[in-house]
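Please look over the sequence and the coordinates with this guide beside them.

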Amino acid sequence: MRRIRIIPVLLLDKGGLYKTIKFKNGKYVGDPINAVKIFNEKEADELLLLDYKASVENRKPDYIKIKEIAEEAFMPMAYGGGIKNAEDAKKVFDCGFEKIVLNSILFENISLIKQIANIYGSQSVVGCIDVKKNLFGKYHVYSHSGTKNTGKDPLKWAKEIELKGVGEIILNSIDNDGTWNGYLFDLIKDISHKIDIPMIACGGAGSEEDFRKAVLAGASAVAAGSMFVFQKKEMGVLISFPSNLKITK
Amino acid sequence: MIAIINYGLGNLASIKNMCKLVGIEAQITNDIKVISQASKLILPGVGHFEKGMENLHASELIPLLDELVLNKKIPVLGICLGAQLMTKHSEEGNVDGLGWVDAITVRFDQSKINGLKVPHMGWSEIHLTKTNPLWLDLLPEPRFYFVHTYHFLFENKEEISATSTYSYDFACAFQKENIFGTQFHPEKSHKFGMKVLENFNRL
């Protein structure tokens, strides 16, 4: 029996943590260092820290801040946001992160994956795919915090970045983000069975049941934001992680 | 003082951070003088085996490390790629390692893995196969964070100190005299990892 990774997602912006709904209207939820200390205490499996506006605002990672945050994390931690080249990636690894997450830059320079993977290994490079459904029910991949439609098909894009060497893929639903309505189970199923690397389901989780359903659909790990930073849907901020939470397969 | 060997690969900051948390004096270094005076060594590493050996050779630290580990018997802990580098050879890049333990490094066997995805990434319980000072007072059902595509394959099974399971059982930790290695990342494994590092420091 394998233990499924359950990954709190922390959205960073100018030193604070925020939570969005459908990638918009970031609500302040607290201080990142404090949050990481809570997740240590509760023994969360892994953390995902995303400076979610870095690419759209054309900013570099805030190395000083993210180093402070990484110093407090005694679990694996991935960072994404504003990484544009191998030098940026190196600086992020040197801050103490295990993995880096690439998204918008891949549409300009897909060979960056190989450049980084050749040094740090594929397992250190995560590709994030933000998807949104159009009026005709077709999914497209978006970049720059969901502001640019790349026109790409999620499955084709997943296979393409797998081929280029990412070690895992985050499949993130823009429409479901912050809604507590569940993941994109259909798309998880479609894509996870056609790639050989682990897929992390993200965007929309509202219950442990959603985690189980994502795993049944084929996800190797599950990520969630709202569930770990709010008490309940439309209720106040409460950063926590249930210590008895364990999903196996 | 523990010297965390810096050969340009791996998450050195994480190891130092956890050492600091549990009150272990540690220094990230590639300085021959500092390494020579260390009471213990940690050989970290994340990444490609071939690149790891290439960097170690380029650092010109190998003769010193051989001397400290094999002759002076200074305790050394290899973590992840650092532990793999202690084996004789790896399929990753098809190059020779330091050869300190009687094992080679091989890729997860696709034919035995039952459709599981590689890398093996996440938390897995380990099964202690022999008493080992690093396992002292370890909490029940110890679990650790793994992320790897290759694993140790021991010629001499006596050197295995723990196994884990990913579709099939594989050696995930070893000890040969003063030489310790873990495939998992104690520095990223909460209280379980803290205990292992504390135990190593106490040797």
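In which loop of chain B is E92(B) found? E92(B) sits in the loop between β5 and β6 of chain B, where helices (H or I, at least four residues) and strands (E, at least two) are DSSP runs, numbered from the N terminus. This is a predicted model, in which local features need pLDDT of at least 70 and side-chain atom pairs count only at pLDDT 80 or more, while totals for chains, interfaces and linings use all residues. Residues are numbered from 1 along each chain as its sequence is written, and chains are lettered from A and ligands numbered from 1 in the order in which they are written.

E92(B) counts as buried because 21 other C-beta atoms lie within 10 Å; a residue is buried if 20 or more other C-beta atoms lie within 10 Å of its own, exposed if 12 or fewer, and partly exposed in between, with C-beta atoms placed from the backbone. Although E92(B) and E50(B) are 42 residues apart along the chain, their C-alpha atoms are separated by 6.7 Å. Once neighbours within four places in sequence are left aside, E92(B) is in contact with H48(B), F49(B), E50(B), T105(B) and Y150(B), two residues being in contact if their C-beta atoms, placed from the backbone, lie within 7 Å.

Helix α3 of chain B spans residues 49–59, and its buried residues are F49(B), K51(B), G52(B), M53(B), N55(B) and L56(B). After α3(B) comes E60(B), with a positive phi near 60°. Further along chain B, the peptide bond from V118(B) to P119(B) is cis, with omega near 5°, and P119(B) has its place in the loop between β7 and β8 (120–128).

Another helix pair in chain B is formed by α1 (residues 12–21) and α6 (residues 190–202), whose axes come within 10 Å and cross at roughly 80°; axes are lines fitted to C-alpha atoms, for helices over the stretch in contact, and angles run from 0 to 180 degrees between N-to-C directions. That angle makes α1(B) roughly perpendicular to α6(B), given that angles under 35 degrees count as roughly parallel, over 145 as roughly antiparallel, 65 to 115 as roughly perpendicular and the rest as oblique. From α1(B), the residues M18(B), C19(B) and L21(B) meet G193(B), M194(B) and L197(B) of α6(B). Five of the residues in this contact are nonpolar, one is polar and none is charged, where Ala, Val, Leu, Ile, Met, Phe, Trp, Tyr, Cys and Pro count as nonpolar, Asp, Glu, Lys and Arg as charged, and the others, Gly among them, as polar.

In chain A, the axes of α3(A) and α4(A) come within 10 Å and cross at roughly 40°, which makes α3(A) oblique to α4(A). The residues that make the contact are A86(A), A89(A) and F93(A) of α3(A) and L112(A), Q115(A), I116(A) and Y120(A) of α4(A); by class they are six nonpolar, one polar and no charged.

Elsewhere in chain A, Y52(A) is found in the loop between β4 (47–51) and α2 (63–70), and Y52(A) counts as buried because it has 23 C-beta neighbours inside 10 Å. The C-alpha atoms of Y52(A) and S145(A), 93 residues apart along the chain, are separated by 6.4 Å.

Finally, the largest nonpolar core holds 148 residues, of which I100(A) and V222(A) touch the most other members; such a core is a set of buried Ala, Val, Leu, Ile, Met, Phe, Trp, Tyr and Cys residues joined through C-beta atoms within 7 Å. Its largest share, six residues, comes from strand β1 (residues 5–13) of chain A. Leaving aside neighbours within four places in sequence, V222(A) is in contact with residues including I4(A), I6(A) and I7(A).
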